[in-house]
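Reader: I would like to learn how to read the features of a protein model. Could you take me through some of them, one at a time?

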Amino acid sequence: MFAEIQIQDKDRMGTAGKVIKCKAAVLWEQKQPFSIEEIEVAPPKTKEVRIKILATGICRTDDHVIKGTMVSKFPVIVGHEATGIVESIGEGVTTVQPGDKVIPLFLPQCRECNACRNPDGNLCIRSDITGRGVLADGTTRFTCKGKPVYHFMNTSTFTEYTVVDESSVAKIDDAAPPEKVCLIGCGFSTGYGAAVKTGKVKPGSTCVVFGLGGVGLSVIMGCKSAGASRIIGIDLNKDKFEKAMAVGATECISPKDSTKPISEVLSEMTGNNVGYTFEVIGRLETMIDALASCHMNYGTSVVVGAPPSAKMLTYDPMLLFTGRTWKGCVFGGLKSRDDVPKLVTKFLAKKFDLDQLITHVLPFKKINEGFELLNSGQSIRTVLTF
C-alpha cells in the first residue's frame, strides 16, 4: 500500500494543473447499462479538489437514476459512496492537501448556511438533490467524446478521477482500508446515524427496523451501539434474517406470517412497548405501518428510506395526536465533514464491523455485473475497486 501511495505521489507531480484522461462509467441515458468510456477530467478550480478514487460502493440511489425515479441530467457519472486520495487542489483550499486519504460527501457541509450552523441541522444549502449536475460555479469538470458529462450529488465516484467542491470532502485516517470505509460515505452512516443521531435511541429500549438491506442492517448496528435491549427486524425476505441477527437483531419476523396488521403483532410481542421504529424501504404504506407500530404516546418513528418522488401520503392524524413523534433524516442526521472522520476512527477502533455489510468486491470494469447483483437481491453491498 505504501509503495502504491508513493507511485501516486509521483503521478500527482505530473498531473496537477493538467487535464487527466481516465476511465469512467458513463450513463448516456435512462434504462441503459453503464458504458466504460475514456473521459477528460479538468483540473480543480478555486475551492475545488480533484480525487483519485480507490474504491466505491454500489447504492440503491445510483440505481434510481438508471430507472428514472431520481432526477438527473444526461449524460452523467453517478456514484456517491467512495474513498480516494487527493490528487490536486484548487486555489483557496485549506482543509485537505495532495496525498490525503478522503471520502467524497454527497451531503456537503459548507459550515455557513442555517442548516450547517444549527446543531441539529445537516441539510446543507449546497446539496444537489434536484439534479443540477454541476459544481458551485455552474459548470462540469467532465468531458467525453467532446460533450460535457454531468456530475451527480456533488460526488460522481464511478470514475478513476473526480472533482468535488471543498465542502464535499472529508479527510480521514490514512490507515483506513478504502474498500471498507467507502460505506461510511453513504449506506452505513445513513442507517447508523438514523438510530444514534436522529432517533436518539435510549439504552434498554425496544426498536423495530422495517427493511433489512444494507442501510437497515446499519440501523440495527446503531440501535445496538445505543444500548437497545430488543431489536426486531422486519422483512418479507426471510433470507435476510440470519445477517440481521448477526449484526445485532434479537429476533426477526415477516409480515406475511400473520393476518393481523404488523402494528398489532408488534404490540402483542412487546407488551405494547416499542419505543422506536425505522422505515428503511421507502414505501408509503410501510411508513404508516412503522408510525402505527411505535408507542402511541411516547414512540418515535424515523423515515430513513428515500420516498418515491411525486407521491403524496394519506394517514390518520390521530396517529400523531396521541403523542408519537414522526421524523425524517438525510445521511442519518450527521454533519458530514465533522462526523465522517469520527466514524472512520471508530471503525479503526473496532467499534463496529463493516465486513458484515459487504457481500461482493468486484473490479470497476464489472460495474454492470454489480448492479445485476443489486437488482436480483443477491448483494447487500457490492464494492468496486480500481
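Reader: Let me start with accessibility: does Glu87 count as buried or exposed?

Author: Good place to begin! Buried means under 20% relative accessible area, exposed means over 50%, and partly exposed is in between (1.4 Å probe, protein chains only). At 3% relative accessibility, Glu87 counts as buried. Before we go on, please note that this is a predicted model, where local features need pLDDT of at least 70 and side-chain atom pairs count only at pLDDT 80 or more, while totals for chains, interfaces and linings use all residues. Residues are numbered from 1 along each chain as its sequence is written, and side-chain values use heavy atoms, with hydrogens and water left out.

Reader: Which side chain meets Glu87 in a salt bridge?

Author: The general idea is that side chains of opposite charge can pair when their charged atoms come close. A salt bridge here is a side-chain nitrogen of Lys or Arg within 4 Å of a carboxyl oxygen of Asp or Glu. For Glu87 the partner is Arg50, at 2.5 Å from N to O. Arg50 lies in strand 3 and Glu87 in strand 4 (residues 82–89), so this pair ties together parts that are 37 residues apart in sequence. Helices (H or I, at least four residues) and strands (E, at least two) are DSSP runs, numbered from the N terminus. Arg50 is buried, with a relative accessible area of 0%.

Reader: How many salt bridges does a search of the whole structure find?

Author: The search finds 18. One of them joins the side chains of Asp137 and Lys45, at 3.0 Å from N to O. Asp137 sits in the loop between helix 3 (114–117) and strand 6 (142–144), and Lys45 in the loop between strand 2 (35–41) and strand 3 (48–57), so the pair links parts that are 92 residues apart in sequence. Asp137 is partly exposed at 41%, and Lys45 is partly exposed at 40%.

Reader: Where do Asp339 and Lys342 lie?

Author: Both are in helix 11, three residues apart, which is about one turn of the helix. Asp339 counts as buried at 15% relative accessibility, whereas Lys342 counts as exposed at 53%. Elsewhere, salt bridges that share partners join Lys45, Glu48, Asp137 and Arg141 into one network.

Reader: Now for the backbone: which residues does a cis peptide bond join?

Author: Here I would look at omega. The cis bond joins Phe74 and Pro75, with omega of about -5°. Pro75 is in the loop between helix 2 (60–67) and strand 4.

Reader: What is the phi of Lys47?

Author: Lys47 has a positive phi of about 65°, although it is not a glycine. Its place is the loop between strand 2 and strand 3, and Lys47 is partly exposed at 43%. Lys200 also has a positive phi, about 55°, and is not a glycine either. Lys200 is found in the loop between helix 5 (187–198) and strand 10 (206–210).

Reader: And how far apart in space are Glu285 and Gly90?

Author: They are 47 Å apart, C-alpha to C-alpha, and 195 residues apart in sequence. Glu285 lies in helix 9 (residues 284–293) and counts as partly exposed, at 47% relative accessibility.
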